[in-house]
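Please look over the sequence and the model shown below before reading on.

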Amino acid sequence: MNKVIIYSQSNCPPCEFAKLYFKNHDIAFEEKNITRDKKAKNEMMVKYDAFSTPVIVINEQAIIGFDQERIEELLISEA
């Protein structure tokens, strides 16, 4: 089972697109909204060296931005 985390923020169209992608493919994910959760923001910046959203983490592999090809590679390799 893949563990998926999406770091997002309010008013972020790419974040909404990423969440919709996972919902449409029936893939469970945990959302961490960095606008509301300062701990999540710090985690995203320090652990993944990321400063923009979305950051999609699949089994500890971070993807900065929405990269469908990379997402599918990671989902398939962990299946």
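Which residues does Lys-19 touch, not counting residues up to four places away in sequence? Lys-19 touches Ile-6, Ser-8, Phe-29 and Glu-31, where contact means heavy atoms within 4.5 Å.

This is a predicted model, in which local features need pLDDT of at least 70 and side-chain atom pairs count only at pLDDT 80 or more, while totals for chains, interfaces and linings use all residues. Residues are numbered from 1 along each chain as its sequence is written, and side-chain values use heavy atoms, with hydrogens and water left out.

The structure holds five salt bridges, each being a side-chain nitrogen of Lys or Arg within 4 Å of a carboxyl oxygen of Asp or Glu.

| Pair | N to O distance |
|---|---|
| Glu-16 and Lys-19 | 2.9 Å |
| Lys-19 and Glu-31 | 2.9 Å |
| Arg-70 and Glu-73 | 3.1 Å |

Lys-19 lies in helix α1 and Glu-31 in strand β2 (residues 30–33), so this pair ties together parts that are twelve residues apart in sequence; helices (H or I, at least four residues) and strands (E, at least two) are DSSP runs, numbered from the N terminus. Lys-19 counts as buried at 10% relative accessibility, whereas Glu-31 is partly exposed at 34%; buried means under 20% relative accessible area, exposed over 50%, and partly exposed in between (1.4 Å probe, protein chains only).

Arg-70 and Glu-73 are three residues apart in helix α3 (residues 68–77), about one helical turn.

The structure also holds one disulfide, a pair of cysteine sulfur atoms within 2.5 Å, formed by Cys-12 and Cys-15 with their sulfur atoms 2.3 Å apart.
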